[in-house]
Amino acid sequence: MIPALRVRRLFHTLEEYQGVDVFPAVVDPWLDEHADAVREALAPLATFGGWARTTYEFGDPLETAYALSRVSDALIYDSQPLLPAGSEAPWAHDLHEPERWPHVPLDQYLAVFARLGMNPIGDVAFEPFFHEVVHVAQTEHPGAPAEITGTVWPGLMFGEMLFSRTGVTVRAGAQHLVAGIADLSPLHDVFMRRYRETSDGSLGWGSNSQWRTDFRRDYVTDAAFHFAVDEEPDSDLDILGEPRGLTPAERSDLVRHRCLTRPLQDPDAWQDACPGGRLTVRRT
């Protein structure tokens with residue numbers, strides 16, 4: 001069985017599991033049987049510039065990584081805060097009923113992905129490449145940079161490739177991150193979050209077609225952060241040839257954070273704002 005299908009079966013097993021302790025019952029046996037094959041299938045993605053899709057093959061490394069990212073989302077879901085009171089349930093919640101997913105302690109979560117060749121991101125200063133904003137405490141000083149105040153779940157690297165960002169709470173000035181936007185606006189290129197709406201290429205597709213979604217690849221090297229490396233270069237036009245309505249800084253923030261972080265210069269652009277195009281940001 002190809003590795004992508006092995007990972008898909010694990011996700012569906014987690015989705016249907018009714019027991020108390022899913023780790024010894026489901027996850028550990030799955031790792032014993034499949035971890036080596038899945039780690040080997042992902043290995044070409046570990047280095048920036050080390051793999052590119054030349055011809056499509058079902059279950060290739062991008063689809064395997066995407067399937068595994070859904071397993072990751074299922075395992076960290078219960079560690080996240082609830083939707084704010086009065087919020088409309090995201091479409092992804094209606095489709096997948098994630099409140100049924102089993103709880104897995106975060107130390108077990110890290111053990112799962114260590115078996116698959118991944119390492120925790122660890123303690124680093126706030127950087128949108130590494131960190132997903134779960135909650136913003138707004139400071140009185142608009143220019144105050146974002147500062148991490150807590151960790152909600154750990155992030156993971158697979159070599160130079162980002163697998164998942166660390167979920168963090170932050171304190172920040174409104175020139176950088178605005179409470180209610182940076183922590184609640186729709187999160188793109190992510191399958192599922194408990195506390196906010198998400199959007200990825202799987203939503204709205206059938207039971208098989210949804211798994212042909214590609215994993216978004218971001219890499220860090222000594223010189224730069226490389227975002228969405230499989231995308232075409234960004235442009236000022238959307239796929240219909242119309243202006244997107246975002247400034248270059250707004251587009252950059254949207255790609256880096258995977259969500260809007262502040263009010264837009266053109267409020268009419270809010271509804272259709274989504275990341276587009278690869279981006280390279282030099283490290284300082």
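This is a predicted model: local features need pLDDT of at least 70, side-chain atom pairs count only at pLDDT 80 or more; totals for chains, interfaces and linings use all residues.

Residues are numbered from 1 along each chain as its sequence is written, and side-chain values use heavy atoms, with hydrogens and water left out.

Q: Why is α1 called roughly antiparallel to α2?
A: α1 and α2 (residues 22-42) pack at an angle of about 165 degrees, with their axes 9 Å apart. Axes are lines fitted to C-alpha atoms, for helices over the stretch in contact, and angles run from 0 to 180 degrees between N-to-C directions. Angles over 145 degrees count as roughly antiparallel, so that is what α1 is to α2.

Q: What makes the contact between α1 and α2?
A: Contact means heavy atoms within 4.5 Å. Among the residues involved are Val7, Leu10 and Leu14 of α1, and Val26, Trp30 and Val38 of α2. By class, this contact has 11 nonpolar, 2 polar and 2 charged residues (Ala, Val, Leu, Ile, Met, Phe, Trp, Tyr, Cys and Pro count as nonpolar, Asp, Glu, Lys and Arg as charged, and the others, Gly among them, as polar).

Q: What makes a space a cavity, and how many are there of 30 Å³ or more?
A: On a 1 Å grid over the protein atoms alone, a cavity is a set of points where a 1.4 Å probe fits but cannot get out. The count by this rule is 3 cavities of 30 Å³ or more.

Q: How do you know which residues line the largest cavity?
A: Lining residues have an atom within 4 Å of a point. For the largest cavity, they are Glu250, Asp253, Leu260, Thr261, Arg262, Pro263 and Leu264.

Q: What makes a space a pocket instead, and what is the volume of the largest pocket?
A: A pocket is an open set with protein on both sides within 12 Å along at least five of seven lines. The largest pocket has a volume of about 750 Å³. Of the 34 residues lining it, Asp189, Asp200, Asp214, Phe215 and Arg216 are the closest to its centre.

Q: Which helix supplies the largest share of that pocket's lining?
A: α3 does, with 5 residues. Helices are DSSP runs (H or I, at least four residues), numbered from the N terminus.

Terms used. Grid points are joined across faces, edges and corners, and a volume is the space filled by probe spheres set on the points. Helices (H or I, at least four residues) and strands (E, at least two) are DSSP runs, numbered from the N terminus. Angles under 35 degrees count as roughly parallel, over 145 as roughly antiparallel, 65 to 115 as roughly perpendicular and the rest as oblique.
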